[in-house]
Amino acid sequence: MTLTIDPFSAFLIGLAGSLHCIGMCGGIVTALRYASTEGNALYINLAYHVGRIVSYSIAGGIVGALGMIVGQQFEHGAHVLQVISGILLVLLGLYISQWWKVLAHLENAGKVLWKRLQPLSRRFLPIQRVDQAFAYGAIWGWLPCGLVYSTLSWSLASGSVAEGSLIMLCFGLGTLPSMLAVSVFTQQLTSLARSALARSLIGISLILLGIFYILSPIS
């Protein structure tokens, strides 16, 4: 019996890992704040994040479809995918805590696609309208990121297009509070994101969760 992957857990992963997001995308969010006028700053930032989360959901649906194929074609395929997702969570914990940055190699693999997409984002600069911010966020949602890739493994293990999309939607929503707060508390959150203690606590939590997912199908 496989362990049901709770979308709320994906939300918590996004919430816990959002300090990593600040390091990856905090500069973009801060730039959006200064690029927009006082009256539309909130809408510009929201549109960027909505575009980013929509891309996460699309990726989750695609990966969920692949998981469905694997689960149907191979005996115990669902169990294997769950173990893989657990292993990636452990690696993510090691990566965020900066104890072992092996996931950097996975991010490098994603740069092949990113090199094609990133130039498209320049068409929407400077960002002055909500639709530009949404399109910009939708493109940056495909930025190579170990945190995103690890959560995508949950979508893969779900073996469902709908559940895969839902998992990544909830993950994206989990990253939202911290990313929105960056525009107000930039210095404080950046300092927290660089805190070794905060990174270690988040890393240990992800490692323990990953071990739980690995052992569940085995037991």
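**Loops, cores and a surface patch in a predicted model**

Pro 126 lies in the loop between α4 (103-121) and α5 (130-140), where helices (H or I, at least four residues) are DSSP runs numbered from the N terminus. The model is predicted: local features need pLDDT of at least 70, side-chain atom pairs count only at pLDDT 80 or more, and totals for chains, interfaces and linings use all residues. Residues are numbered from 1 along each chain as its sequence is written, and side-chain values use heavy atoms, with hydrogens and water left out.

The peptide bond from Leu 125 to Pro 126 is cis, with omega near -5 degrees. The phi of Gln 98 is positive, near 65 degrees. Most residues other than glycine have a negative phi, and most peptide bonds are trans. With a relative accessible area of 42%, Gln 98 is partly exposed; buried means under 20% relative accessible area, exposed over 50%, and partly exposed in between (1.4 Å probe, protein chains only).

Helix α3 (residues 77-96) has 20 residues and spans 28 Å from its first C-alpha to its last, close to the expected 28 Å; the expected span is 1.5 Å times one less than the number of residues. Of the 20 residues of α3, 14 are buried, so this helix is largely enclosed by the rest of the structure.

The largest nonpolar core has 35 residues, and Ile 13, Leu 92 and Trp 154 are among those with the most contacts inside it. A nonpolar core is a set of buried Ala, Val, Leu, Ile, Met, Phe, Trp, Tyr and Cys residues joined through side-chain atoms within 4.5 Å. The largest share of this core, 9 residues, comes from α3. Apart from it lies another core, of 13 residues, including Ile 28 and Ile 127.

On the surface, Val 50, Val 54, Ile 58, Ile 62, Leu 66, Ile 69 and Phe 134 form a nonpolar patch. Helix α2 (residues 41-73) gives the most to this patch, with 6 residues. Ile 58 is in helix α2 and counts as partly exposed, at 45% relative accessibility. Leu 42 is also found in helix α2, and is exposed, with a relative accessible area of 55%. Leu 42 and Leu 180 are 138 residues apart in sequence and 8.8 Å apart in space, C-alpha to C-alpha.

Terms used: Patches are made of residues with over 30% relative accessible area and no salt bridge: like charges are joined within 9 Å, nonpolar side chains (Val, Leu, Ile, Met, Phe, Trp, Tyr) within 5 Å. Accessible areas come from the Shrake-Rupley method with a 1.4 Å probe; for residues, only the protein chains shown count as cover. A salt bridge is a side-chain nitrogen of Lys or Arg within 4 Å of a carboxyl oxygen of Asp or Glu. Helices (H or I, at least four residues) and strands (E, at least two) are DSSP runs, numbered from the N terminus.
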